[in-house]
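Work through the exercises below with the sequence and the 3D view side by side. Try each task before reading its solution.

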Amino acid sequence: MTTPELENGRVSSSYHENGTSEMVPLAYSEKAIQEMLQLPLEGLDNNLVEFSEAMRTVAKALRRAAEGKTSAQAEAAEWKRMFELEKAKTLQLERKAASSVNSGCDLPDKRPADLPDQPEKCLPENGKNGHCCGANGICNHEVLDGEPTSDSESVDKKMVKKASFKLSWNRNRSKGNRYKHDVVSFESGNIKTTERSSKQIYLKWDSNPQTVLILTKPKSDSVKLLCSELVRWLKEQKNLNIYVEPRVQSDLTKESSFFNFVQTWKDDEILHLHKKVDLVVTLGGDGTVIWAASLFKGPVPPVVPLSMGSLGFMTAFHREQYKESLDSVLRGPVCITLRHRLMCHVIREEAKHEFDAEEPILVLNEVTIDRGISPFLTNLECYCDNNFMTCVQGDGLILSTTSGSTAYSLAAGGSMVHPQVPGILFTPICPHSLSFRPLILPEHVTVRVQVPYNSRSPAYASFDGKDRKELGPGDTLICSMAPWPVPTACQVDSTSDFLRSIHEGLHWNLRKIQNSDGPTSNT
């Protein structure tokens with residue numbers, strides 16, 4: 001038997017009947033070659049395809065498990081926070097029962113010299129069972145405080161105590177109505193929606209604010225002038241401690257030695273900034289408010305935004321009346337709007353567990369996933385609480401907060417939503433479909449956006465217009481509501497400020513009134 005020979009890419013061989021062999025040029029078919037070499041190439045290819053699909057299925061399962069763990073971890077952290085609050089409430093009730101203290105929300109100013117400063121706990125009201133805020137609200141340490149510090153952490157004894165305040169849900173400033181924790185009641189087999197009294201949230205200081213953080217829009221001469229004037233007024237008239245950004249501190253000290261008292265922070269201190277600051281004042285537009293929110297990765301102090309920008313959907317106070325406005329806020333009570341933020345996690349395709357997820361990013365307006373410079377449509381698989389929603393094929397997708405409903409989402413055809421409404425806006429960007437309409441999802445859901453493996457090109461995610469990240473095939477973006485809102489002060493109240501902003505900023509539904517002079521319908 002002869003060995004087949006390869007000639008011009010084909011095997012040729014000839015066999016004689018006498019058993020001898022001779023090499024002759026013959027063009028064998030692929031089928032003959034497979035039989036000769038006993039290599040089932042077609043079957044082998046099918047096995048490789050099946051094996052490849054199985055490996056992709058396993059990879060998807062591992063990634064989904066990692067995403068599920070990340071979501072569960074975030075939910076567990078929220079439950080832990082709620083448990084700590086309930087535990088603190090229980091301890092307060094036990095202390096009240098053990099002592100005969102009948103004073104109101106008195107916070108002790110003096111402590112033993114050998115004990116470090118601890119976060120102050122509110123005492124019960126006079127003759128009432130409950131917290132200092134009673135049944136009408138909650139205290140700032142329950143909402144805006146960060147994680148409790150451990151005993152091993154060093155505490156700066158020279159640090160000024162943060163001002164204490166409480167939030168109440170009232171219909172008006174004069175009469176307090178009990179905040180309804182039960183939204184739905186079930187009595188005698190009937191389901192009924194209870195009366196909602198949380199029309200407006202008010203902030204009332206229990207102790208005077210001591211420290212103010214001022215954040216400014218860069219490269220603006222008018223902002224620089226107002227900043228120096230504001231710092232001087234707050235120090236001379238209110239005797240407050242002032243924090244500014246490092247660049248602003250440098251500009252102020254160069255201007256005059258009077259501003260040597262102004263403080264700033266180092267890079268490693270920014271995570272603990274919320275423990276030092278009682279109030280934040282922004283000089284600029286909505287972008288400055290977004291920048292202020294981005295400095296706080298956890299709790300955010302109350303923000304007073306002074307309008308010095310173009311459009312002011314979040315900046316309700318005019319710069320000309322900054323003295324009257326800050327006087328009112330520092331005196332209290334003041335209406336506030338709790339602006340919800342989104343917490344975003346990027347999980348790469350090679351991630352095997354939740355620890356491989358990148359650092360979470362908090363956004364106040366929106367997170368945008370678009371095609372970037374690619375000429376191809378984006379291909380995004382979207383899930384809501386692990387339920388498949390749709391596949392976005394278009395220029396991209398916007399996941400927005402209700403505060404961001406008047407920004408990019410509005411330009412893409414999304415609805416304007418009152419900022420006090422908790423929800424996630426799901427708005428496509430130029431979808432290649434006639435039936436793709438925007439959605440508004442409830443606040444408790446988790447939205448997962450994944451770039452499929454068969455996507456022609458990567459996608460690009462940007463968070464409040466910055467921190468742009470590339471999302472390759474298999475990468476996932478997970479978004480859920482963050483537990484730390486941004487409390488912004490209102491000039492009048494939340495609804496009045498919102499309607500004023502869309503009327504003045506967008507001229508919403510501005511139309512010439514129809515003349516009454518003309519034909520009328522017969523009655």
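## Exercise 1: Strand 26 and its partners

In strand 26, Thr476 is the bridge partner of Ile347. The model is predicted, so local features need pLDDT of at least 70 and side-chain atom pairs count only at pLDDT 80 or more, while totals for chains, interfaces and linings use all residues. Residues are numbered from 1 along each chain as its sequence is written, and side-chain values use heavy atoms, with hydrogens and water left out.

**Task.** Find which strands pair with strand 26, and in which sense.

**Solution.** 
Step 1. Strands (E, at least two residues) and helices (H or I, at least four) are DSSP runs, numbered from the N terminus. Two strands pair if DSSP finds at least two bridges between them.
Step 2. Strand 16 (residues 342-347) runs antiparallel to strand 26, and six bridges join them.
Step 3. Strand 23 (residues 447-450) is also antiparallel to strand 26, with four bridges. Here Val449 stands opposite Leu477, and Arg448 stands opposite Ile478.

## Exercise 2: The largest cavity

**Task.** State the volume of the largest cavity and say which element gives the largest share of its lining.

**Solution.** 
Step 1. On a 1 Å grid over the protein atoms alone, a cavity is a set of points where a 1.4 Å probe fits but cannot get out; lining residues have an atom within 4 Å of a point. Points are joined across faces, edges and corners, and a volume is the space filled by probe spheres set on them.
Step 2. There are three cavities of 30 Å³ or more, and the largest has a volume of about 160 Å³.
Step 3. Of its 20 lining residues, the closest to the centre are Phe313, Met314, Arg339, Pro419 and Phe498.
Step 4. Strand 15 (334-339), strand 27 (486-489) and helix 9 (494-506) each give two or more residues to this lining. Helix 9 gives the largest share, five residues.

Definitions and conventions
On a 1 Å grid over the protein atoms alone, a cavity is a set of points where a 1.4 Å probe fits but cannot get out, and a pocket is an open set with protein on both sides within 12 Å along at least five of seven lines; lining residues have an atom within 4 Å of a point.
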